[in-house]
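User: I'd like to learn how to read the nonpolar cores and the strand pairing in a model like this one. Could you walk me through it?

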Amino acid sequence: MKIPADRIEEIGHLILQCDDIADSQWHTLSFVFDITDGAISNSGFLYKGEKVTPVIAEIEEHPLLLDDTILDLRKEIAEKNGHKFFQFLIQLEKETGRIKVDLEFDNPDRWKITPGKLKEIRETLRPNFT
């Protein structure tokens, strides 16, 4: 599934406006947005060397803007392909500005971040831009 570059850049720009991101030191980051028909939530990690910090993505002045943007993308993709994604993964590299995204259409728990598998999932989600 090819997502238009301008949509990826828009979401990446919004991620960079999030309070936990703007106020922190990091090299790379990953966020997973979990989406059901009635709700959206997110969680993620900032990576700086071996240091990993759990974070959430929210813009204080516009708390629904990022969520609404991802929900709009979900709706557009569903209208074109007939399928809604359950999870949206976005990864950014600060120094280069590179962005990667992935969508999960089949397994709503693929990247689910839970206390029991926190260490495992934070490494699974660690961005690799090489």
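Analyst: Happy to; we will take the cores, then the strands. Keep in mind that this is a predicted model.

User: Which residues have the most contacts inside the largest nonpolar core?

Analyst: The general idea is that in soluble globular proteins, nonpolar side chains tend to be buried together. Here the largest such core holds 26 residues, and those with the most contacts inside it are I15, I21, F31, F33, L66, I70 and F88. Two or more core residues come from each of α1 (5-17), β1 (28-35), β2 (40-48), α3 (65-81) and β4 (87-93). Another core, of 8 residues, lies apart from it, with V52, L89, W111 and L125 among its members.

User: What is L66 in contact with, leaving aside its neighbours within four places in sequence?

Analyst: With those neighbours set aside, L66 is in contact with I11, L14, I15, C18, F33 and A57.

User: Now the strands. Do β1 and β2 run parallel or antiparallel, and how many bridges join them?

Analyst: They run antiparallel, joined by 8 bridges. The two strands form a hairpin with 4 residues between them, and I35 stands opposite I40 in β2.

User: How many bridges pair β2 with β3?

Analyst: There are 5, again in the antiparallel sense, with β3 covering residues 51-55. As an example of a partner, F45 is bridged to P54 in β3.

User: Which residue takes a positive phi in the hairpin of β2 and β3?

Analyst: That is G49, with phi near 65°, in a hairpin that has 2 residues between the strands.

Notes
Residues numbered from 1 in each chain as written. Predicted model: local features only at pLDDT ≥ 70, side-chain atom pairs only at ≥ 80, totals over all residues. Heavy atoms only, no water. Core = buried A, V, L, I, M, F, W, Y, C linked by side-chain atoms within 4.5 Å. Buried < 20%, exposed > 50% of the residue type's maximum accessible area, 1.4 Å probe, protein only. Contact = heavy atoms within 4.5 Å. Pairing = 2+ DSSP bridges.
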